[in-house]
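Reader: Can you walk me through this one? I want the sheet and the core.

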Amino acid sequence: MDNFLRRGGLEVPEPVRRFLQGESDPSLRIEQYQEGDTLVVRVDLPGIDPETDVDISVADDNLHIQARREEDAERMDKKGYRSELRYGERSRSIPLPRGVSQDGIIATYEDGVLEIRIRVPEQPEPQTTKIRVVRKGGREANQSPEEPGN
């Protein structure tokens, strides 16, 4: 899209350009996997201060991550300003397994990546119960499940 706008000689304001390039998605992109009894959630968040620009909380069995990245207004006013970086506020909610304790959650930030490690309690194997299907309308319908067939 950017090449199309440049070839056409159009000067498009940054917010419009970003929208046209599909940068209007307000959610964070994550990587999620399980290592043993730990659920790992990773979020690319370059150029932020993790102590002031990130909020992480747990409510209703969901992990909520919210991050802000502010654009430097001083740079925006400079001639030839162009930015392909994402700015603004983004958030994401991730369902957690049942029984997660908030004490078992650790968040770290290194090299532009926020990593959240959540200790997951052992989940019991789901119980499977076989349900018998009874045919209606035939001679078997009049027999109870314990009665042998004739």
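This is a predicted model: local features need pLDDT of at least 70, side-chain atom pairs count only at pLDDT 80 or more; totals for chains, interfaces and linings use all residues.

Below is a short chat on the sheet, its hairpin and the core.

Reader: Which order do the strands of the open sheet take?
Author: S1-S2-S7-S6, with antiparallel pairing. Strands are DSSP runs of E, at least two residues, numbered from the N terminus. Two strands pair if DSSP finds at least two bridges between them.

Reader: Why is one side of S1 and of S6 left without a neighbour?
Author: S1 (30–35) and S6 (105–110) are at the edges with a single partner strand each, so one side of each has no neighbour in the sheet.

Reader: How many bridges join S1 to S2?
Author: Six, and S2 covers residues 38–44. Glu-35 has Thr-38 as its bridge partner in S2.

Reader: And S6 to S7?
Author: Six bridges, antiparallel. Glu-110 is partnered with Val-113 of S7. Two residues lie between the strands in this hairpin, and Asp-111 there takes a positive phi near 50°.

Reader: Switching topic. How many residues are in the largest nonpolar core?
Author: It has 18. Such a core is a set of buried (under 20% relative accessible area, 1.4 Å probe, protein chains only) Ala, Val, Leu, Ile, Met, Phe, Trp, Tyr and Cys residues joined through side-chain atoms within 4.5 Å. Val-41 and Ile-116 are among those with the most contacts inside it.

Reader: Which strands supply at least two residues each?
Author: S2, S4 (62–69) and S7 (113–119).

Notes:
Residues are numbered from 1 along each chain as its sequence is written. Side-chain values use heavy atoms; hydrogens and water are left out. Helices (H or I, at least four residues) and strands (E, at least two) are DSSP runs, numbered from the N terminus. Buried means under 20% relative accessible area, exposed over 50%, partly exposed in between (1.4 Å probe, protein chains only).
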